Structure formats: C-alpha cells, structure tokens
Amino acid sequence: MSPITYIAVIIAAAVVLFIWNKLPVVVVAMATALGLWATHVLTLEQALGGFGDPAVIFIACLFVVSAALEATGVTAWAGQLLIQGAGQESRTRLLLLTMSLVALLTAMISVNGAVAALLPVVVVMAVRLKRKSSQLLMPLVFSAHAGSMLALTGTPVNVLVSEAASEAGVGEFAFFEFTLVGFPLLIGTMAIIVLFGERLLPQRNGAKMPADLSRHAKTLVEQYGLADGIVRLRVRATSPLIGLSPSELDLSRFADVQLISVQDGDGPSPLRRSVSEGDHILIRAGAEAAASLAARMHLAFREDVASGQGEDTLFNRRSGLAEVVIPPRSGLVGQAVFPGMVTDSGDLVVLAVQRAGSEVGTGGQKSGQGVALHPGDSMLLQGTWKALDLHLSDPDVLVVNSPELVRRQAVPLGPGAYQAIAVLICMVILLATGLVPPAVAGLLAAGAITLSRIMTLEQAYRAVDWTTVILVGALMPLSTAMVETGAARLLAEGLVGLVGGAGPYALLAGLFVLTAALGQLISNTATALIVIPIGAAAATSMGISPRPVLMSTAVAAAGAFLTPIATPTNLMVMGPGGYVFGDYWKLGLPLLLWFFVIAVFVVPLIWRF
C-alpha cells in the first residue's frame, strides 16, 4: 500500500477506537504514532518527535501555572466572584459570565492558556453549585475557540493568516480587525450554548471530582462546638503575662475562660519563648469573661477580627484547621491530650478532642484532666498551613480532608497569590507582545513559580496532566505524516478544483468544509498551513481578493468542535467533564454550522471579494 493509504487506514482505526472508548485514549494515541513508524510512513524520530514539540512543552508549563493559581487561592477567588455575579440559581448568567471571561482571556493568551487557567475554577464552581461538570466544561472550551477570533494573539492561525495577507500584497490584518468577525462568532456561540446546551450535553461529572470545601472552617468549628467564644487577644506592654513561658500561663482563676494557645506575634505559630508585647493569647470564653480577662491582664482585642467568629480567627490566609482520626494500632493510642496542648512538633495546637461525637478532655493541663486517646477519637488541630502540610503525613493519624485541598478551595488569595498573579500577567505580556516564543514564555512562568517557592518541584511535576501531554505529543506526528506524504495537499487541491469554478461563495464553502474536516483530526495550525497557500492561490486565479478567503479559513480553523482530539483543550476537559468521544459532536455540530454561516456569508460583507 502507498503511504497515503496507510495514513487513511491508521486515521480510520484511531477514530473507531476513540469512539469505541474501551481502550485508554493514551494507548490509542501511542498506537497511532507507532503505526506511522511501523508502516514506514515516518521515521522513529518523526513518529516520536511530538513529545519534544514546543507546543507540548508549553501545554505542560500551562498546567504548572494553572496549579499555582489554584494552590494559592486565585482560582477560588475568581470562582467566588463568578458565583457572586451569577447567583446560586441562574444557569444562564453563570454560563454567560464564564464564557465571556474565557473568551477575553483567550484573546490575550491563546486557547490553551485560557482554558488551563480557568479549568480548575469551573470545576470548583460545579462542585460548589452542585451542577454537573459536563454542563460547564465543554461550553468553556467552545467559547474559548470563538474567543480566539477576537484578536490577532488569540491563536497562531490568526498570525499565519495575517502574514499570508501581507505576502499576497493586500496588507496585514490589524490587531483588532479579527474582532469584526470574532464578536458575532462569540455571541452566536454563547446563544447556542445557553439555549440548547443543557439538552445537547450529558449530565455527568468527572471520575474524580473534589468535595466542596468552601465552608470547611464553619463546618469544623460548629461540629467541635467552637462557633462562638473563640477570642484572640493581643498582649500589651503593661501586661503581667510578659516574661512568662507559655507553660507558666495559668488562667484557671478566671471563670469560664479556657486557654487554647499562646501565639507568636509575627504569625499564628505556637509561642516557643517567653511572652512579650504583641504576642497573642487565644482563649475560649464568653464576651463578659473575655472582657474581664482583657481588663485585668492588660490585653487588647484584635481590631481586624470580630470576637465570637471562630472560623475567621482560626481559619484565614495564614493558619488553618485540620481534622484527624486516631486509627487502630496508632502509636498515639493511650497518650493523654487536652485542648490547648501543643504537639511534639511544636507548631500545631490541639483545639478539641471528640469521642463518638462528644467532646472529651476539656479540663486542660492545669486541672490534670487530659484524656487518653482511643482508636476512633478525632482531634481538631490548628496551625500554619505549612505546618499542617508538613506534619499531617504522620501514619499515626488519618487526615479527614487534605489541608492543601482545603486551602485551595476555601482560602481566596492565600499565601503566594499575588506572586502567582504577577507571573500570569508577565506571561500574558510575553505572549501578547510576541517577545519570546510561547514555549519560552511558559518555561519562564513555570520556572518563576518554582523559584519563588509558590510550588515545589515535586508539586509542579504532579500538577502536569501527563495524560493530556502524552495524547498531544503522540498525535502530533499525524500532522507531519499528512503533510510529508502529500495526503493533505491532495485532498485540498482536489476540493478546490471541484468547487473553484462555481464562484467565490462556493470556494469559501469548499475551503470551510476541508479546513473544518481536517481540523477535527489534526491541529488547526497544521490545517491552516496546508489550506492557506491553496486558498490564496485559488483567490488569485479567480481574480478575487485573498482577504475574505484567508479570514474565512481562520474562522473554519477555529471550529474544532466535533472530536476530543481536535485541540489540546478539547482533551483537557475530557476527564474532568466525564465526556466520551461521541459527546463532542452533539453540541459541536450546531456551533460548526454557525461558524459556516459567518465564514461563507458574513465575512464577504466585511472584506469584499
């Protein structure tokens, strides 16, 4: 068989296996690359060359940037703003705000960057609003495709089209000239999704959906009876407590006052030295008892946290809460603990102990009423987020909810958030100005995140969705094979020859069908590289302007809706959205028809033949 025949068989087999959905998509993708090598269509270096492609590296870096935004609470903050703007019940408002945001972000940093940044935001929103993620994630991606036509920087295809127009002697497209066609594309896309998306999209969640931990602190303080009466007092210069060690503090003579912790004035960590001015005393007491203690011990109420709001005092940007359970055969079984006790690590405080849902061991150290731990007891611990992350990997305790996961959802704009935002802005500037290639911008951003210690190298490695990276890298050689064997050019020239004599509108329609069809199987950039020179040559031979032909091709290349392998972003949402191969075309087909109308009938009204 000829190389072109081999390619046709490999593509058909891959599509059938993707639709069958019985084999992991990574296995199908790798088999496609190896099939191209085994049939001698490509060399081994070419068949595996996609893994070294700059686009693959850029995508991997975007996952790191996205994870940094999530880990520092930026995505939780953005999600809260979206939910506040959309309300709890309005599906339409939620979709419109989400689609508008991703479209605007796409225009600045490309489809891949925008979707990677907002994907965790939308997943958290789905969990928090109790909506199916499949109803939100595909609209996110498809509106990003439409938003890519809002500006020159929205997609590499726009740059290719503008350069081709310049080479054809009709002048480059201006930066926002694409908006003339991108705006109606986006409005129509949003309208179709709002009106028909709920019926055309499945009602599913991804296999691994995070729990809604947005109100985690409130839940814990209520469960452990700490919702009222947690007060943090600041030590004044005249306080008689100054100079005492934390173990020497005895507040037992104050009725209804329980000492929980003595904290360093520079942070929420337990104090390891003598008390000095500016340190904080954390107590559990009623309003009158707290006021009496403050007056007699020369303590001041903190002005930035209202008394009685336990979740705000204990759970904030600097410190958090964690619930742990004592498992059978734990080394802690039999050890005496009490509220206010500092753990052996010196940076966590036991706030409360419960057995079978009831609080035990409330007497504290001074009264000698600590409680010996039993299997199944639960403890509420408080400390800095770093201390919680560091010490709760101890096999002697079982952590109910990961502190890292809790922080990501429940603490908007946490530690490192502003550095992460600064890194994102710098990456956007580099991408928008084209000062460096996208892969370099991504590597610089990922490097800045690790060097600034927003994330460790291990966390950055775990942040990368390796399934998506392998899928993209393994399928990229398919584009190389189609170009090198002449298969794509043969298809393109045959179609242009078939419809070219029927007039310019038929030419636009034929080029749209070809571009859209190829774009469902290979990257839209590769598709554009194949179709653009043919379209420009056909326009010249027909005596019409290349500008509408080139712009129509760009619109068609953006319509990558029908398959998950059409673009990396389609693949990004496949797992979190719980989608299968056949879900994409149901919503994608009406959107592609809208793109066809714009490309064939609206574009010539703006850029005349």
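Predicted model: local features only at pLDDT ≥ 70, side-chain atom pairs only at ≥ 80, totals over all residues.
**View 1**
Looking element by element, helix H25 (residues 584-606) has the highest mean pLDDT, at 95, while helix H12 (residues 310-314) has the lowest, at 66. Keep an eye on residues 304-308 too: pLDDT stays under 50 there, and the model has 8 contacts for this stretch beyond four places in sequence.

Look for Glu177 in the loop between helix H8 (156-167) and helix H9 (179-200). Is Glu177 buried or exposed? Its relative accessibility is 17%, and buried means under 20%, so Glu177 counts as buried. Which side chains does the Glu177 side chain meet in polar contacts? One is that of Arg547, at 2.7 Å, and another is that of Trp607, also at 2.7 Å. Leaving out residues up to four places away in sequence, Glu177 touches Glu172 as well as Arg547 and Trp607.

**View 1. Helix H21 and its kink.**
Helix H21 runs over residues 524-542, which makes 19 residues. From its first C-alpha to its last it reaches 26 Å, close to the 27 Å expected at 1.5 Å a residue. Where is the kink in H21? Find Val531, shortly before the proline Pro533: the kink there is about 30 degrees. Val531 is also one of the buried residues of H21, which include Ile530, Ile534 and Ala538. In an α-helix, residues three or four places apart point the same way, because there are 3.6 residues a turn. After H21 comes Gly543, with a positive phi near 75 degrees.

**View 2. Strands E2 and E3 side by side.**
Strand E2 (residues 257-263) is mostly covered, with 6 of its 7 residues buried. E2 runs antiparallel to strand E3 (residues 280-285), and 6 bridges join the two.

**View 3. An open sheet of five strands.**
Here 5 strands line up in the order E8-E7-E10-E5-E11, with antiparallel pairing, to form an open sheet. Strand E8 (358-360) and strand E11 (398-399) stand at the edges with a single partner strand each, so one side of each has no neighbour in the sheet. Further in, 7 bridges join the antiparallel strands E5 (residues 319-325) and E10 (residues 378-384). Check Val324, which stands opposite Met379 in E10. In a regular strand, side chains alternate between the sheet's two faces.

Note on methods. Residues numbered from 1 in each chain as written. Heavy atoms only, no water. Helix = DSSP H or I, 4+ residues; strand = E, 2+ residues; numbered from the N terminus. Buried < 20%, exposed > 50% of the residue type's maximum accessible area, 1.4 Å probe, protein only. Polar contact = N/O pair within 3.5 Å; in protein donor to acceptor, adjacent residues only side chain to side chain. Contact = heavy atoms within 4.5 Å. Expected span 1.5 Å × (residues − 1). Bend = angle between axes of the 7 residues up to and from the residue. Pairing = 2+ DSSP bridges. pLDDT = per-residue confidence, 0-100.
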